[in-house]
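Student: Can we go through this one together? I'd like to start with the overall fold and then look at the packing.

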Amino acid sequence: LVNYFIRLGDPKMASHWLQQMMDQKEVITPQHSRDLQLLDTFLQLLELWSQSSNSIKEAPWRAQELFRQMEELENLGVFMLTTHAYNVLAETWANSTQVSAAQ
């Protein structure tokens with residue numbers, strides 16, 4: 001369902017289902033290392049939040065939360081973050097119309 005809502009362009013529902021998926025996974029270990037499909041899903045959702053930064057008020061903060069989850073998975077050795085992920089997060093904050101995002 002995560003990819004379905006990503007394709008529909010609904011970051012809120014995609015985030016909800018990604019969290020459901022992560023909650024159902026047992027403890028993630030280095031055995032899941034180089035899980036490129038999971039990384040791709042996170043990146044697609046991060047990009048979706050970035051694209052929504054003008055229309056959804058909390059988009060930068062939700063993108064930041066998602067990025068923190070990605071960092072935790074990187075620390076567990078599940079995948080390595082790419083510079084693309086950092087660029088998308090910075091772009092999300094930079095493109096936000098929310099005054100507080102500039103902080």
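Tutor: We'll take the fold, then the helix pairs, then the core. Keep in mind that this is a predicted model.

Student: How many helices and strands are in the chain?

Tutor: The chain has 5 helices and 0 strands. Along the sequence the pattern reads α-α-α-α-α.

Student: And what share of the residues is buried?

Tutor: Of the 103 residues in the chain, 39% are buried.

Student: What about contacts between residues at least 6 apart in sequence: what percentage join residues at least 24 apart?

Tutor: That figure is 69%.

Student: On to helix pairs. At what angle do α2 and α3 cross?

Tutor: Helix α2 covers residues 11-24 and helix α3 covers residues 36-51; their axes cross at roughly 155° and come within 10 Å. Angles over 145 degrees count as roughly antiparallel, so α2 is roughly antiparallel to α3. The crossing of α2 past α3 is left-handed.

Student: Which residues make that contact?

Tutor: From α2 they are P11, K12, A14, S15, L18, M21 and M22. From α3 they are L38, T41, F42, L45, L48 and W49. By class, the α2 contact with α3 has 10 nonpolar, 2 polar and 1 charged residues.

Student: Now α3 and α4. How do their axes sit?

Tutor: The axes of α3 and α4 come within 9 Å and cross at roughly 165°. These two helices are therefore roughly antiparallel to each other. Here, α3 passes α4 in a left-handed crossing.

Student: Switching to the core. Which members of the largest nonpolar core touch the most others?

Tutor: F42, L45, L46, M70 and F79 do, out of 27 residues in that core. α1 (2-8), α2, α3, α4 (59-75) and α5 (83-95) each supply at least two residues of this core.

Student: Which helix gives the most to this core?

Tutor: That is α3, with 8 residues.

Student: Last one, F42. What is F42 in contact with, leaving aside neighbours within four places in sequence?

Tutor: F42 contacts L18, M22, L66, Q69, M70, L73 and F79. L18 and M22 are among the α2 residues that contact α3, while L66, Q69, M70 and L73 are among those α4 brings to α3.

Note on methods:
Residues are numbered from 1 along each chain as its sequence is written. This is a predicted model: local features need pLDDT of at least 70, side-chain atom pairs count only at pLDDT 80 or more; totals for chains, interfaces and linings use all residues. Side-chain values use heavy atoms; hydrogens and water are left out. Axes are lines fitted to C-alpha atoms, for helices over the stretch in contact, and angles run from 0 to 180 degrees between N-to-C directions. Helices (H or I, at least four residues) and strands (E, at least two) are DSSP runs, numbered from the N terminus. Angles under 35 degrees count as roughly parallel, over 145 as roughly antiparallel, 65 to 115 as roughly perpendicular and the rest as oblique. A crossing is left-handed if the near helix is turned anticlockwise from the far one by less than a right angle, and right-handed if clockwise. Contact means heavy atoms within 4.5 Å. Ala, Val, Leu, Ile, Met, Phe, Trp, Tyr, Cys and Pro count as nonpolar, Asp, Glu, Lys and Arg as charged, and the others, Gly among them, as polar. A nonpolar core is a set of buried Ala, Val, Leu, Ile, Met, Phe, Trp, Tyr and Cys residues joined through side-chain atoms within 4.5 Å. Buried means under 20% relative accessible area, exposed over 50%, partly exposed in between (1.4 Å probe, protein chains only).
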